Amino acid sequence: MASLDRIQGMTERQAQQRDAIIVKLLKLLLGLWDGFDRWDDPETILGMAARSATLVDSSTMSSRLLTRSFQTAVLRELGAAKQALPAVLNSYPRANVTATEVYSRPATQFVFARRSGLTFDESMDAFTKRMTEVATQDVKLADREESLRIFQADPLVNRWRRVIHPELSKSGTCGLCVVAAQRVYTTDDLMQMHGPSCNCTTMGIVAGDDPGYRLNDADLKKIYATAGSTAAADLQNVRISIEEHGELGPVLIKQGNHFKTAKEAGRPEYVAPTPATIRAGYERERAKVAASLTDADDRYAAMTDSVKFGADGSTTSAAIALFRSAKYMREYLAVLDKKLAASPAS
Ligand SMILES: [Zn+2]
């Protein structure tokens, strides 16, 4: 059996570095939107969402590279990882939705909160909460997807396990994770998500050597020792269900909890990404951003032609915000064009 100490160090480091990627991304995103006030301007908002999507794209790439080096190192400890890996495919990790749709949601949330009568500060809190959730989830989705690709590419790996990270959760590991971590999954199964606060990662099983089991077991013993027997029983007695979320794929829920499936919400059901769906997503995103950029350029031209330009501060600041958003859209289009050029035509 492989040395548990080394593998424990690796998995804790990976989870910690994934957290650092998230913290850095959130700092950039919240900094980008700080002071934003064009809540009624769809082109300006889309430009901000495009810049957000560009930042998220580079963070999901960092997350994937981190995952690769971590999973490969663990598999080497287990005597696997003998083959070369396919090139990293850094597509947006949600299904049925594009990045600018997702990164427009915090702005929609802010507008909705204001209309519902919340104060400016309360509405900003709603914005920040939503932004934090979607960005955190996206980095973790990239890790999950990349891990599974590595397991699938390795003929010596046919099972994997969910690994809990109590060292990272301030409020304690949730019962859903504890129960799910006792199961073994095949390389056809994506890890179930259940909210941005989940710190679980995955670990391959090679020739019956299942270090994730031993790591979880050691963590659970520590949790039970400090939590007391009632809390331990509570953690163990959670019953889980697995549902399909239209964007995230499989999610963990407490048995008996209501969960609105994609179908019930009138949204498309989750499909695992294929080269064709990935390409279609890029094309849809490209068309949307390009159309919005044309509108932004037209509006900016009209604003700057106007004799009123500069006569009052609000016109000027609206034009500056729009100009900046147009630049963000151009940058994001360049990112999408690169991805399209590298993605096989369907
Ligand atoms: Zn978890």
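This tour moves through the structure stop by stop, naming what to select and what is found there.

The model is predicted, so local features are given only at pLDDT of at least 70 and side-chain atom pairs only at pLDDT 80 or more, while totals for chains, interfaces and linings use all residues. Residues are numbered from 1 along each chain as its sequence is written, and side-chain values use heavy atoms, with hydrogens and water left out.

**The zinc site**

Select the zinc ion. Its donors are the SG atoms of Cys-177, Cys-198 and Cys-200, at 2.0 to 2.3 Å. Donors here are N, O and S atoms within 2.8 Å of the metal (3.2 Å for Na, K and Ca); because water is not among the atoms, sites may look incomplete. Along the chain, the donor residues follow the spacing C-x20-C-x1-C. Cys-198 and Cys-200 are both buried, where buried means under 20% relative accessible area, exposed over 50%, and partly exposed in between (1.4 Å probe, protein chains only).

**His-165**

Select His-165 next, in the loop between β1 (157-163) and α6 (175-180). Helices (H or I, at least four residues) and strands (E, at least two) are DSSP runs, numbered from the N terminus. His-165 has 3% relative accessibility and therefore counts as buried. Although 35 residues separate His-165 from Cys-200 in sequence, their C-alpha atoms are 6.0 Å apart. Leaving aside residues up to four places away in sequence, the contacts of His-165 include Thr-11, Glu-12, Asn-199 and Cys-200; contact means heavy atoms within 4.5 Å. The side chain of His-165 also makes a polar contact of 2.8 Å with that of Glu-167. A polar contact is a pair of N or O atoms within 3.5 Å; within protein, one must be able to donate a hydrogen and the other to accept it, and residues adjacent in sequence count only if both atoms are side-chain atoms.

**Arg-162**

Move to Arg-162 in strand β1. A polar atom of the Arg-162 side chain does lie 2.9 Å from the backbone oxygen of Gln-192. Among the residues that Arg-162 touches are Cys-177, Cys-198 and Cys-200, the three zinc donors.

**Salt bridges**

The structure has 24 salt bridges. Select Arg-284 and Glu-101, which meet at 3.5 Å, N to O. Arg-284 belongs to helix α8 (residues 275-305) and Glu-101 to helix α3, so this pair ties together parts 183 residues apart in sequence. Then select Asp-210 and Arg-161, whose salt bridge spans 2.6 Å, N to O. Asp-210 sits in the loop between β3 (201-206) and α7 (211-237) and Arg-161 in strand β1, so the pair ties together parts 49 residues apart in sequence. Asp-210 is buried, with a relative accessible area of 14%, and Arg-161 is buried at 5% relative accessibility.

Asp-297 and Arg-330 form a further salt bridge (2.7 Å, N to O). It ties together helix α8, which holds Asp-297, and helix α9 (residues 313-342), which holds Arg-330. Select also Arg-64, Arg-68, Glu-145, Glu-146 and Arg-149, which are joined into one network by salt bridges that share partners.

**Aromatic pairs**

There are 10 aromatic pairs in the structure. Rings of Phe, Tyr and Trp (its six-membered ring) pair if their centres lie within 6.5 Å; planes under 30 degrees apart count as stacked, over 60 as edge-to-face and the rest as tilted. Select Phe-36 and Trp-39: the ring centres are 5.0 Å apart and the planes at 90°, so the pair is edge-to-face. Both residues, Phe-36 and Trp-39, are buried.

Phe-110 and Phe-120 are also edge-to-face, at 5.6 Å centre to centre and 75° between the planes. Phe-110 is in helix α4 (residues 105-115) and Phe-120 in helix α5 (residues 120-153). Phe-110 is buried at 3%, whereas Phe-120 is partly exposed at 43%. To end, select the cluster linked by ring pairs: Trp-33, Phe-36, Trp-39, Phe-110, Phe-120 and Phe-127.

Conventions:
Salt bridge = Lys/Arg side-chain N within 4 Å of Asp/Glu carboxyl O.
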